[in-house]
Amino acid sequence: MKPNYWIPALLLSIALVLAGYFIGNLQVNGKKFDRYVTVKGLSEREVEADLAVWPINIALTGNDLQVLRRQIQTQNEAVYQFFMRQGFGEDEVTRGAANISDVTANPYNTQAYQNPNRYLAKSEFTVRTRDIPKLQKALTESLELLSQGIVMGSKNEWQPIEYIFTGLNTLKPEMIEEATRNAREVAEKFARDSNSKVGGIRIAQQGLFSISDRDANTPQIKKVRVVSTFDFQLED
C-alpha cells in the first residue's frame, strides 16, 4: 500500500501559513511599537526653607595670653546669653572650640613681626533652628554686641546663613504626578498635529529633584524642580 504523503504535506503547509501569519503580525505590531514620541514633563514649586544654620566666629587679638583667655571666655558667655535672650533653646545654640594661635609662629606670614598683636583667639558657635523669623530677628539685633566690643561674624562670608528645605519627600508624589500630566499634554499636542492618538507610557525616566535659591537676595525661599522624560506610544 502506498504511503499517505499528503498528510505530512498538509500539516507542513498549515504550519508555514501560520508561521507566515505570526511573523507578519509580529512585524506589524513591531512597527506600531516603534511609533512613539519622547517628551519631557516639568514640575516646579517655590517653598520656604524650614531649617537655618548660622555658623559664627568670634575673633580677638592681644599680646597677653592670660588676658586674652579671660576676654574670649567673657565674650563667649555674652554671645551665648544674647541668643538665650532672643528666645533660642540650649539645643539650638552649640558652643564650638576656642583656639589661640601665635601669628609669629607662622613661617609663611612674613609680615607677622610687624603686627602689634602677637596672639589671635577665635571661638565658634553654631545656631541651628527651624524658627527662621526668630533667627533673622537675632541677626538684626546682633549689632548690639558691637557696643560690647564683640566682633562676631559668620564663618562663611559668601553664605552667612545656610537655609535648608527638608520637606522634599512630602512634595515628591504630587510633583511626579504633575510632571507626568504635563508630559502627556505635550504628547497629545504632538499627536494632534500628526493625526494620531496618545497611548500608554512606553518608557518613563524620572529626573533628579533639584533645590536651589529662588534668587541671591532671598535664599530662604527655595525653588524645587524636577524634569522627567517619557516615551508615549502613538496610535492611529
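**Entry 1: Gln75**

I began with Gln75, which lies in helix α2; I take helices (H or I, at least four residues) and strands (E, at least two) as DSSP runs, numbered from the N terminus. The model is a predicted one, in which local features need pLDDT of at least 70 and side-chain atom pairs count only at pLDDT 80 or more, while totals for chains, interfaces and linings use all residues. Residues are numbered from 1 along each chain as its sequence is written, and side-chain values use heavy atoms, with hydrogens and water left out.

Is Gln75 buried or exposed? I found a relative accessibility of 9%, so Gln75 counts as buried. The classes I use are buried (under 20% relative accessible area), exposed (over 50%) and partly exposed in between, with a 1.4 Å probe and protein chains only.

I then listed what Gln75 touches, with contact taken as heavy atoms within 4.5 Å. Not counting residues up to four places away in sequence, Gln75 touches Ile58, Leu60, Gly149, Ile150 and Val151. I also noted that the C-alpha atoms of Gln75 and Leu145 are separated by 9.3 Å, although these residues are 70 apart along the chain.

**Entry 2: Overall layout**

I recorded four helices and nine strands in the protein. Read along the sequence, they follow the pattern α-β-β-α-β-β-α-β-β-α-β-β-β.

Of the 236 residues, 31% count as buried. The accessible surface comes to about 15600 Å², and 54% of this belongs to carbon and sulfur atoms; the areas come from the Shrake-Rupley method with a 1.4 Å probe, and for residues only the protein chains shown count as cover. Among contacts between residues at least 6 apart in sequence, I noted that 78% join residues at least 24 apart.

**Entry 3: Nonpolar cores**

I next looked up the nonpolar cores, each a set of buried Ala, Val, Leu, Ile, Met, Phe, Trp, Tyr and Cys residues joined through side-chain atoms within 4.5 Å. The largest has 27 residues, and those with the most contacts inside it are Trp54, Val79, Phe83, Val127 and Met152. At least two residues of this core come from each of β2 (51–62), α2 (65–85), β4 (119–129) and α3 (132–141). With seven residues, α2 gives the most to this core.

Which residues are in contact with Trp54, leaving aside its neighbours within four places in sequence? I listed Phe83, Phe125, Thr126, Val127, Leu135, Leu139, Ser142, Met152, Ser154, Pro160 and Ile161. A second, separate core has nine residues, including Ala187, Ala191, Phe230 and Phe232.

**Entry 4: Strand β2**

Why is β2 largely enclosed by the rest of the structure? Nine of its 12 residues are buried, and therefore I describe β2 in that way.

I then checked its pairing, where two strands pair if DSSP finds at least two bridges between them. β2 and β4 run antiparallel and are joined by 11 bridges; here Val127 in β4 is the bridge partner of Trp54. Three bridges join β2 to strand β5 (residues 152–154), also in the antiparallel sense, and Ile56 has Ser154 in β5 as its bridge partner. Strand β6 (residues 162–164) runs antiparallel to β2 and is joined to it by three bridges, with Leu51 opposite Ile164.

**Entry 5: Salt bridges**

My criterion for a salt bridge was a side-chain nitrogen of Lys or Arg within 4 Å of a carboxyl oxygen of Asp or Glu. By this rule I counted 14 salt bridges.

I looked up Arg225 and Glu44, whose side chains meet in a salt bridge at 2.9 Å, N to O. Arg225 lies in strand β9 (residues 221–235) and Glu44 in strand β1 (residues 36–48), so the pair ties together parts 181 residues apart in sequence. Arg225 is partly exposed at 36% relative accessibility, and Glu44 is partly exposed at 37%.

Asp50 forms a salt bridge with Arg130, and their closest N and O atoms are 3.9 Å apart. Asp50 lies in the loop between β1 and β2 and Arg130 in the loop between β4 and α3, so this pair ties together parts 80 residues apart in sequence. Arg130 counts as exposed, at 55% relative accessibility.

Asp231 forms a salt bridge with Arg202, with 3.5 Å between the closest N and O atoms. Asp231 lies in strand β9 and Arg202 in strand β7 (residues 197–205), so parts 29 residues apart in sequence are tied together. Asp231 is buried at 9% relative accessibility, whereas Arg202 is partly exposed at 25%.
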